[in-house]
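Work through the two exercises below. Try each task before you read its solution.

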Amino acid sequence: MVSLEERLDAVSTFILAFIVLIGTLFGLKIAYVVSTALVLPTTQGALYVSTSRVRVLAFLDAVPMQEGQLLVDLGCGDGRVLRAARKRYGVRGLGYELNLLAYLKAQLLCLGSKGIEIRRRNFWTADLSEADTIFCYLFPDVMKKLSAKLKFDLKPGAVVVSCNFVLPGFNPDLVLRPGNSLDRDPIYVYQLEKSQT
Ligand SMILES: C[S@@+](CC[C@H](N)C(=O)[O-])C[C@H]1O[C@@H](n2cnc3c(N)ncnc32)[C@H](O)[C@@H]1O
């Protein structure tokens with residue numbers, strides 16, 4: 001027979017666990033808001049929101065890559081795109097991420113993934129000339145500036161994949177619309193002209 005004291009013990013343990021859980025969730029929410037707000041002047045509306053699994057798989061199905069090629073994710077979030085591409089094709093992955101929370105999560109989740117590097121750095125100041133494939137999921141306000149940078153930086157034949165937003169001045173070779181009816185935002189795939197020489 002369970003005594004009243006034991007029951008009270010169980011109830012107080014449950015209440016304590018509940019308070020710890022709510023506190024942790026609240027703390028994470030605060031961390032998200034603060035880490036996002038701190039980088040907003042640079043990220044200009046590209047908040048830390050992850051690409052869904054179905055969209056990452058659609059990208060990988062549509063854009064085959066060679067082992068050892070370099071895939072760069074401009075604003076890599078938790079690094080999920082890089083890990084999935086590494087697993088499928090054996091590519092090298094390089095992610096730029098300014099949001100501290102996303103960066104720490106990416107570092108943690110990529111601990112076991114050799115061949116993936118995550119840099120807490122602004123990609124606007126990075127040289128992207130070595131990239132074979134660029135992945136991005138950013139924000140309309142920055143796409144014109146990104147087009148100019150990619151035209152300047154990328155080598156002939158490089159592939160650019162942009163979730164949701166077009167790259168002004170580029171013609172997409174493919175437009176994917178994966179997912180169910182609630183999540184059918186486009187994914188644009190562009191290939192830069194290959195060199196004639
Ligand atoms: C919509 S999320 C996409 C995350 C990830 N690429 C994915 O698809 O799951 C965009 C990310 O880009 C990052 N970001 C935006 N501008 C950046 C910049 N100039 N340098 C580095 N990271 C940036 C943001 O912090 C944010 O986490």
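In β7, Val189 is the bridge partner of Val161. The model is predicted: local features need pLDDT of at least 70, side-chain atom pairs count only at pLDDT 80 or more, and totals for chains, interfaces and linings use all residues. Residues are numbered from 1 along each chain as its sequence is written.

**Exercise 1.** Find the strands that pair with β5 (residues 159-163), and decide whether its faces are buried or exposed.

*Solution.*
Step 1. Strands (E, at least two residues) and helices (H or I, at least four) are DSSP runs, numbered from the N terminus. Two strands pair if DSSP finds at least two bridges between them.
Step 2. Take β7 (residues 187-191). It pairs with β5 in the antiparallel sense over 5 bridges.
Step 3. Take β4 (residues 133-136). It runs parallel to β5, joined by 4 bridges. Phe135 has Val161 as its bridge partner in β5.
Step 4. Check burial. A residue is buried if 20 or more other C-beta atoms, placed from the backbone, lie within 10 Å of its own, exposed if 12 or fewer, and partly exposed in between. Val159, Val161 and Cys163 are buried on one side of β5, and Val160 and Ser162 are buried on the other. Why two sets? In a regular strand the side chains alternate between the two faces of the sheet.

**Exercise 2.** Where does the ligand lie relative to domain 1 and domain 2?

*Solution.*
Step 1. Domain 1 spans 1-43 and domain 2 spans 53-191; these bounds come from an automatic or database domain assignment.
Step 2. Both domains give residues to the shell around the ligand, so the ligand lies between them.
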